[in-house]
Amino acid sequence: MRKSFIELDSDSEEEYKEVFLRIYVVGSHKAGKTSFIHRLLYNKFSITYVPTRALEIYNKKTFVRYGLKMTLELIDVPDGFSIKPKTNDIMVVVHHRSSYSIPDIPIRTWLLYRDKSLDICPSYKKIYIDNMENTGVDTFVNSLIREYS
């Protein structure tokens, strides 16, 4: 069985800094939001496209790395749905077309993009992803760890 990117790394009883993150994954249709979530949580990828029709909340996953115990709750937000994140929540924008406008939300935001030539505002945390090649998932997890360590 494939190991997830966020498996529990240690079974020891050490003290950890604990962080709970609610992560909203948004973007236009066919951007790769669900594929990114499945790659992150289960290390699985399917070439079959099944549109997300409603908000999908994934079970909380906990992992420990570098003295940080993180619990993630991922919410897959289909194109056109309105959300009201709290200030501690994270927004992950999966971007694959220049026509999609990035939401202006005053919370922590990461930009995952598939078009290497895309010129995006440098204030976002930008990570190039390719779900088929598994590019960017580990970089995203490491970026979260750096942000909250």
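Reader: Which residues lie nearest the centre of the largest pocket?

Author: In this predicted model, Gly32, Thr34, Ser35, Thr48 and Tyr49 lie nearest the centre, out of 25 residues that line the largest pocket. The space in the pocket comes to about 620 Å³. Helix α1 (residues 33-42) gives the largest share of the lining, with 4 residues.

Reader: What makes up the lining of the largest pocket by class?

Author: Sorted by class, there are 10 nonpolar, 9 polar and 6 charged residues.

Reader: Happy to move on to the strands. Why is Val94 called buried?

Author: Buried means under 20% relative accessible area. Val94 has a value of 0%, so Val94 is buried. Val94 sits in strand β5 (residues 90-95), and its contacts beyond four places in sequence include Val25, Val26, Ala31, Leu112 and Ile129. Ala31 is 63 residues away in sequence, yet the two C-alpha atoms are 6.0 Å apart.

Reader: Why do Glu73 and Arg22 count as a salt bridge?

Author: The cut-off is a side-chain nitrogen of Lys or Arg within 4 Å of a carboxyl oxygen of Asp or Glu. Glu73 and Arg22 come to 2.8 Å, N to O, so the pair meets the rule. The two residues belong to distant parts of the chain, with Glu73 in strand β4 (residues 68-76) and Arg22 in strand β1 (residues 17-26), 51 residues apart.

Reader: Why does the pair of Arg108 and Glu147 tie together separate parts of the chain?

Author: The closest N and O atoms of this salt bridge are 3.4 Å apart. Arg108 lies in strand β6 (residues 108-113) and Glu147 in helix α2, so the bridge joins parts 39 residues apart in sequence. Arg108, at 33%, is partly exposed, and so is Glu147, at 32%.

Conventions. Residues numbered from 1 in each chain as written. Predicted model: local features only at pLDDT ≥ 70, side-chain atom pairs only at ≥ 80, totals over all residues. Heavy atoms only, no water. Buried < 20%, exposed > 50% of the residue type's maximum accessible area, 1.4 Å probe, protein only. Contact = heavy atoms within 4.5 Å. 1 Å grid on protein atoms, 1.4 Å probe; cavity = no way out; pocket = protein on both sides within 12 Å on 5 of 7 lines; lining within 4 Å. Points joined across faces, edges and corners; volume = space filled by probe spheres on them. Nonpolar A, V, L, I, M, F, W, Y, C, P; charged D, E, K, R; others polar.
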